[in-house]
Amino acid sequence: DRLLTPQELATNQAMQQFQQGFKNAQGSGNNVRASVSTNNPVDEEFRALYATTALLQSYIVGKVAIADASMLAKWAIDIVPTKGAAWDSNDSADIVALLDEAYAEHGLAGMDMMNAWSADATPSGAIGVAYIGLPRLLVKKYLSFEGNILEHEIGHTYTLQHCCDGNCTMQSVLDTGALGGFHNYTENCSNQNHTSVMNSQKNRY
């Protein structure tokens, strides 16, 4: 999960606090419509990019909607940004350490999944990370493509591996034209049929 060009980050004055709550969710999935509630820790660098909490919340809700559109249409998976938290990230940490830090400090907070958001400049240029099959991920601020990154990382939480299909969102590098694409054949790089895997995993959370 690496960016294609060097990352440019901008920071403004940090806001005092990131308010709790985006919108109400109706608990866990495991039914016909899988409503997946999420906790969303947001680090100080990401928060500093938005003048008000309302603007920050609106931005994140919009990116979740982009990431969720295909999964909602195909598998009735509704990723719901339910809670938020202010998180002060370790400026020297790599992206995996940032994810681990966010999870250690904020965790699921009673939700089904944790989606952490960071604009911290990390080594190696990585723009997203997730643990395969576990309900936690981190999305980095990168241009305006956080929705694409989030969709990809959510795929990992549903056990999807990287692939080499140019039309699939699970490629190991960002391909903005592949948003919403999940290949429907057993592909050589991943050794998975991503559509079949999602059919079997859609009620995981």
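View 1. C189 counts as partly exposed at 46% relative accessibility, whereas C164, at 53%, counts as exposed; here buried means under 20% relative accessible area, exposed over 50% and partly exposed in between, with a 1.4 Å probe and protein chains only. The structure is a predicted model, in which local features need pLDDT of at least 70 and side-chain atom pairs count only at pLDDT 80 or more, while totals for chains, interfaces and linings use all residues. Residues are numbered from 1 along each chain as its sequence is written, and side-chain values use heavy atoms, with hydrogens and water left out.

**View 2. The disulfide between C164 and C189.** A disulfide, defined as a pair of cysteine sulfur atoms within 2.5 Å, joins C164 to C189 with an S to S distance of 1.9 Å, and by this rule the count comes to one disulfide. The link of C164 and C189 is left-handed, with -100° about the S-S bond. Both C164 and C189 lie in the loop between helix 4 (146-157) and helix 5 (194-201), so the pair ties together parts that are 25 residues apart in sequence. Helices (H or I, at least four residues) and strands (E, at least two) are DSSP runs, numbered from the N terminus.

**View 3. The cysteines C163 and C168.** The sulfur of C163 has its closest cysteine sulfur in C168, at 3.6 Å, which is too far for a bond. C163 counts as buried at 5% relative accessibility, and C168 likewise counts as buried, at 1%.

View 4. Five strands form an open sheet in the order 2-1-3-5-4, with mixed pairing; two strands pair if DSSP finds at least two bridges between them. The edge strands, strand 2 (77-87) and strand 4 (128-130), each pair on one side only. Neighbouring strands of this sheet are turned by 20° against each other on average, direction ignored. Strand 1 (residues 34-43) and strand 2 run parallel and are joined by 10 bridges, and N39 stands opposite K83 in strand 2.

**View 5. Helices across the sheet.** Helix 3 (residues 95-105) lies across strand 2, strand 3 (113-118), strand 4 and strand 5 (136-140), and runs at about 125° to strand 5. Helix 4 also lies across strand 2, strand 3, strand 4 and strand 5, running at about 160° to strand 5. Contact means heavy atoms within 4.5 Å; axes are lines fitted to C-alpha atoms, for helices over the stretch in contact, and angles run from 0 to 180 degrees between N-to-C directions.
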